[in-house]
Amino acid sequence: MKISKIETFVLSDQLNESFFFSQWSYSERQICIVKITANNGLCGWGEGYGPATIIEAGIKHLVPLLIDRNPLEQETLWFDMYRKTLDFARRGVLAASISALDIALWDLKGKILGQSVSVLLGGRHRERVMPYATGLYFSDSHQLAEDLAKEASTYVKQGFKAIKMKVGFSIAADLENVKAVRAVIGKECKLMVDSNHAYSLREAAELARLIEPYDISWFEEPISPEFYDQYRQLRSKTSIPIAGGECEYLRYGHHQLLKNDCVDILQIDICSAGGLTEAKRIAALASTYGTEIIPHTWGTGIAFHAAMHFITNLEPIPGRLYPPEFYIEYDRTENGIREALTHPSIKMEDGYIKVPRTPGLGIQVDEDVVRHFSLRQTI
Ligand code: MG
């Protein structure tokens, strides 16, 4: 068995309405996906998280390391890719290129062996995962709090039991928005906030104090990912659990968050932290600290299903007869590529999504859709 071909695609779609968060505005979706084909004709798909054209260039740089190699030996392939990029890209976007290739290798392995990725990761601790809705971004609206409340109530009507909203606009606006959203979603629905590292330690502590009465399940990326010590200090100043990790790479980066007591919830992104091979190692590392993992998930059905298989394989720590819920992030912002690219479409039933049992990631990628969005490529 040999890898015979690797193709990359940068997909692009203009949004009908742009939206923004504390760092920048989105008016377009750009996503890099990769297809690895073996000499028996089977193929696997992967996706990188980050700047799509740079991820694509990184994949092209790595392709010669993989051609004619056995796709089932993904740990040795992973190490060769890591070793060849270590000197100039220890933690950064090339890890996303490795991630995309690694996810495609797991999908391919599953198809070759006729097993789902979650079974190949070691088994399934659960058959379904609870999605939380990610949305509630900022707009130029003069009645933002009201708009956010309206949007939040549609998620509740759709059956979501947990919702994450953006903060990081200003402390006063954040408080008003959180109040408005909590008022419409009721007491039962979980509510999380994410500032995308908008605040200083002082500001984050102030916002946490002000929103504590609104039962916040976690405060995500309150401060810059560079300040490990400030994360630890913030945890001692608030009862709200602190989450972060979407800007970290590889087990070495995530180990910094763990050993510095930065987070209650570690949010690795499988499409940038090193793929499923490295995510499994990060999970083992996190388990030694007793730290919960809820991955950061953003992109198409490829990224979503990679996360689903990973989550279903996560050990329930602590073990008990009635284990806690395991969550997956489900981005609800406009994304034409995500909606059309993979089949079957993602279905939520009774507030849960079932993890596929079919081989590989359990999805088909529609190559007509790949071509359609590739046509709009801007480079
Ligand atoms: Mg986030």
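I started with Arg 232, which counts as partly exposed at 34% relative accessibility. A reminder to myself: this is a predicted model.

Next I looked up the partner of Arg 232. Its side chain meets that of Asp 229 in a salt bridge, at 2.5 Å from N to O. Asp 229 is partly exposed too, with a relative accessible area of 38%. I found both residues in helix α8 (residues 228-237), 3 residues apart, or about one turn of the helix.

I stayed with helix α8 and moved to Arg 235. What does the side chain of Arg 235 meet in a salt bridge? I noted Asp 264, at 2.8 Å from N to O. Arg 235 lies in α8, while Asp 264 sits in the loop between α9 (250-259) and β9 (265-266), so this pair ties together parts that are 29 residues apart in sequence. I then checked accessibility: Arg 235 comes out at 27%, which counts as partly exposed, and Asp 264 at 28%, again partly exposed.

Then I turned to helix α13 (residues 367-374), where Asp 368 and Arg 371 are 3 residues apart, about one helical turn. Their side chains meet in a salt bridge at 2.7 Å, N to O. I put Asp 368 down as exposed, because its relative accessibility of 52% is over the 50% cut-off.

I also came across a network: salt bridges that share partners join Arg 29, Asp 331, Arg 332, Arg 338 and Glu 339. My tally of salt bridges for the model ends at 19.

With the charged pairs done, I went to the sheet. It is open and has 3 strands in the order β1-β2-β3, paired antiparallel. On average, neighbouring strands are turned by 20° against each other, direction ignored.

I zoomed in on the pairing of β2 (residues 25-38) with β3: the two run antiparallel and are joined by 6 bridges. As one example, I traced Ile 36 to its bridge partner in β3, Gly 44.

Last, I asked myself which strands helix α1 lies across. Helix α1 (residues 52-66) lies across β1, β2 and β3, and runs at about 170° to β1. Helix α3 (residues 93-113) also lies across β1, β2 and β3, and I noted its angle to β3 as about 155°.

Note on methods: Residues are numbered from 1 along each chain as its sequence is written. This is a predicted model: local features need pLDDT of at least 70, side-chain atom pairs count only at pLDDT 80 or more; totals for chains, interfaces and linings use all residues. Side-chain values use heavy atoms; hydrogens and water are left out. Two strands pair if DSSP finds at least two bridges between them. Helices (H or I, at least four residues) and strands (E, at least two) are DSSP runs, numbered from the N terminus. Axes are lines fitted to C-alpha atoms, for helices over the stretch in contact, and angles run from 0 to 180 degrees between N-to-C directions. Contact means heavy atoms within 4.5 Å. A salt bridge is a side-chain nitrogen of Lys or Arg within 4 Å of a carboxyl oxygen of Asp or Glu. Buried means under 20% relative accessible area, exposed over 50%, partly exposed in between (1.4 Å probe, protein chains only).
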